[in-house]
Amino acid sequence: MIQLQSIAVTLGGNPILNELTWTVGDGKRIGLIGPNGAGKTTLLRVIGEKLTPDTGQVSRSGSVGYLSQDVQDLASGRSVIEEALTAFDSIESLQARETELTQALENPDTNHHKILSELELIHERLAIQGAHSAQARAESVLEGLGFATDDLNRPIETLSGGYRMRVALAQILLQKPDLLLLDEPTNHLDILSIDWLEKYLKSYSGTVILVSHDRYFLNRMIDTVAHLYQGRVTEYAGNYDFFLVEREKRRVLEQASYENQQREIQQAERFIARFRYKASKARQVQSRIKHLEKLERIPAPESPDAQIRIRFPAPPPSGRVVLSLGQFSKIYPSTDEPSVSVFDQAGPLEINRGQKIALIGKNGAGKSTLARILYGSESIQGDRKKGHNVNVRFFAQHQADELISTDTVLESLEREAIGREEVYLRTLLGAFLFTGDDVFKPVHVLSGGEKSRLALARTLVNPANFLILDEPTNHLDIQSIKVLIEALRQYAGTFVVVSHDRHFLDHVANVIWHVGDQKIRIYDGTYSEYRWALDHGSLRQVKQIQKTRHEPISKPRSGGPKTKEEKRREAEARNRAYREARINGRSSPDELTPHQLKWLCDEAESAIADAELRKREAEKTLADPATYADPVRSQEASAAYAEIERELNELYANWETLMEWELYT
């Protein structure tokens, strides 16, 4: 249980928290949400006893584990496993006390009953904390967070900041505190490590309060949203998506109450001003004055999120094939240690115009290396060929270090956007959290996150027809990520993106490249479809089809009744499997068994029926006048209809060929 009563904190002369009161019950999973600068990190520090409030009281019961965004207190000279095992310092002290008491039992003059009682208590505590499995638990947690077995004995000082953060997180998880405070825990984790952390936290019995800009993570992990705004916390029972809907409902009601009260106040003030000096109205005037003095004023409600939209200028069209890589290898030679092989005879790969590709895989698998290979800044053993009229722009985290320190934010952007109007530039900067006078700040006073956001804005201000983006969502809040998603969805070119933000990937990518084991495996679909197929076994089936091209394909089975969503996803997976297995690479029906040919004909008809249904739904959308009230919606609806038409033409052509082959056999 945590109780905060009238908490106030002022930092640098700026009030951050003011008279904040909040009670947190046991066992909750709370997402602490709020705009940048609302005081989320400050509030976590107050709860975690890292910051003493100026006024107010904090009451808490049980132990607290706090993970900050900036890890500085890891000791040098220790290895990864040694640092993680410091989480069990209490076990060591208990074991030392156990030894002392055991030796004391040999003295006949001691109080044996008292010693045995204390020993029994120590043994109970050691059993609860799992003293005999400490080493194994530490190794399991570290490996779950992405450390290879060979990395466990590496010195802490040789690790990057991201991996030091993982060690700190491992320490806290191993301590099993009653309250976990996590400030952006997914920032330095890859997708596999985030999946592991989700599973770990779901079985965690204590209370969790976390701050995160990872919308997917929030939706899966929390049961309560604590919205911090203007110094007060408002709770919503549900995940982040529920919070968005419920907050808007409350905002509408609060706005109506606020406006009604403002009308009442204005009417009273007009009456007072008009009849203040009229004797016959004196009693009524005094009555209204007293009423206004006693009136509890309703604060102005939160304004709705700004609907910022960034429109990319249309890039010049490229050729159909944007980039191709033949079979290639990438090896980093070393004089002191064995050479490191990142890719071994990977590929061949081809990127076609209009593809939106997400690179996923665990940290160290080679995602950023592959991004640099695609860009052309990394040499390979193999062939790389850029397509006709392809213009590439590349964004990487280190580009923030290349900014000119004496430039202002606006001047830095102007260097990349010669000829652009200032209104457009300031709108773009506003989308990336540079508002008002922030655009006149010199680069050298910006934080690392601000420099990274500025570098991303510079990359996107004049987009080419092929973008390569390495972790573009780092340091962006949820609203800015939403703006970036909308910008990339309407972007007419081709892009490849590396990111661990699954919500972001799910909304921008239509092809998944999984990087691992020195290879690249390709999946045609969104991230959610990829995960669904992986969980249901369909992905293994598609991979086998791609590998053999001639083995019979089994229809997926599932037990029990299926939901509408499951049926839709199965239909999409079936259509993709059909497109993969159809007549690609075959010049005659002799290369198919009768069973295969019949199955392909059936699947072709099912795919056509499904596409026809989606076409009718798309036609209804286009016929609705409301569609054209929003230019973005109308553009997306037209593009969706055109894509279905193209798909239908392809499906009918292949179906006709299959029918001819069936007659032939």
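**Close-up views of a predicted model**

Figure 1. Leu32 has Ala226 of S8 as its bridge partner. Strands of a sheet pair through backbone hydrogen bonds, either parallel or antiparallel.

**Figure 2. The open sheet of six strands.** The strands of this sheet follow the order S5-S6-S7-S3-S8-S9, and their pairing is mixed. Strand S5 (64-67) and strand S9 (232-237) stand at the edges; each has a single partner strand, so one side of each is left without a neighbour in the sheet. From one strand to the next, the twist averages 20°. Which strand is joined to S5 by four bridges? The partner is strand S6 (residues 179-183), and S5 and S6 run parallel. Val64 has Leu179 of S6 as its bridge partner. Helix H1 (residues 40-47) lies across S3, S5, S6, S7, S8 and S9, and runs at about 150° to S6.

**Figure 3. The open sheet of three strands.** Here the strand order is S13-S10-S15, and the pairing is antiparallel. Strand S13 (349-352) and strand S15 (384-386) stand at the edges, each with a single partner strand, so one side of each is left without a neighbour in the sheet. Neighbouring strands of this sheet are turned against each other by 10° on average, direction ignored. Strand S10 (residues 321-325) pairs with S13 over four bridges in the antiparallel sense. Ser324 has Glu350 of S13 as its bridge partner. Helix H11 (residues 367-375) lies across S10, S13 and S15, and runs at about 120° to S10.

**Figure 4. The packing of helices H12 and H13.** Helix H12 (residues 409-416) and helix H13 (residues 422-431) pack at an angle of about 115°, and their axes are 10 Å apart. Angles of 65 to 115 degrees count as roughly perpendicular, and H12 and H13 are therefore roughly perpendicular to each other. H12 passes H13 in a right-handed crossing. On the side of H12, the contact is made by Val409, Leu410, Leu413 and Glu414. On the side of H13, Glu422, Leu425, Arg426, Leu428 and Leu429 take part.

Figure 5. Which residues have the most contacts inside the largest nonpolar core? They are Phe432 and Phe504, in a core of 45 residues. With its neighbours within four places in sequence left aside, Phe432 is in contact with Arg453, Leu456, Ala457, Leu460, Leu476, Ser480 and Leu484. Apart from this core lies another, of 44 residues, which includes Ile33, Ala134, Tyr200 and Leu210.

How values were computed. Residues numbered from 1 in each chain as written. Predicted model: local features only at pLDDT ≥ 70, side-chain atom pairs only at ≥ 80, totals over all residues. Heavy atoms only, no water. Core = buried A, V, L, I, M, F, W, Y, C linked by side-chain atoms within 4.5 Å. Buried < 20%, exposed > 50% of the residue type's maximum accessible area, 1.4 Å probe, protein only. Contact = heavy atoms within 4.5 Å. Pairing = 2+ DSSP bridges. Helix = DSSP H or I, 4+ residues; strand = E, 2+ residues; numbered from the N terminus. Axes fitted to C-alpha atoms, helices over the stretch in contact; angles between N-to-C directions. Parallel < 35°, antiparallel > 145°, perpendicular 65-115°, else oblique. Left-handed = near helix turned anticlockwise from the far one by under 90°.
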